[in-house]
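Hello,

Here is the structure for your set-up. My notes follow below it.

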Amino acid sequence: QVQLVESGGGLVQAGGSLRLSCTASGRAFDSDLMAWFRQAPGLDRKFVARISWRDHSTYYADAVIGRFTISRDSAKNTVYLQMNNVKPEDTGVYYCAAGTAGERQNEYNFWGQGTQVTVSS
């Protein structure tokens, strides 16, 4: 059974920091890429960042470059999203996903339940 479980969301002031975690189990290990997406109210889910289990390579959406860092701990089967200098527009539900390629939602087979991040101005 595939499971992705996110944690770490909450309320943070603009300019502050937050770290999200996603722990994977089951067939999620068949997927090389782990990614974070976010969905603001009334908007489509958007790609934020991804990382490869295999070679540690990372890729970010332009909106978060220089502020967010994705990393992974293979021993703990966990992927992190360190969010620094957050902005109100970072508010949304953040989802962890496992897949094999790219930055589109349909390239990811497995999804977590999401964790809410709210940035106050």
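The chain has 0 helices and 11 strands (DSSP runs numbered from the N terminus: helices are H or I with at least four residues, strands are E with at least two). Along the sequence the pattern is β-β-β-β-β-β-β-β-β-β-β. The radius of gyration is 13 Å, close to the 14 Å of the globule rule for 121 residues, so the chain is as compact as a globular protein of that length. That radius is taken over C-alpha atoms, and the rule is 2.2 Å times the number of residues to the power 0.38.

This is a predicted model: local features need pLDDT of at least 70, side-chain atom pairs count only at pLDDT 80 or more, and totals for chains, interfaces and linings use all residues. Residues are numbered from 1 along each chain as its sequence is written, and side-chain values use heavy atoms, with hydrogens and water left out.

The C-alpha trace spans about 40 × 30 × 25 Å along its principal axes. Buried residues (under 20% relative accessible area, 1.4 Å probe, protein chains only) make up 45% of the 121. Of the contacts (heavy atoms within 4.5 Å) between residues at least 6 apart in sequence, 54% join residues at least 24 apart.

Val64 sits in the loop between β6 (58-60) and β7 (68-73). Val64 is buried, at 1% relative accessible area. Beyond its neighbours within four places in sequence, Val64 contacts Arg38 and Val48. Phe110 is 46 residues from Val64 along the chain, and their C-alpha atoms are 23 Å apart.

Best wishes

Note on methods: Buried means under 20% relative accessible area, exposed over 50%, partly exposed in between (1.4 Å probe, protein chains only).
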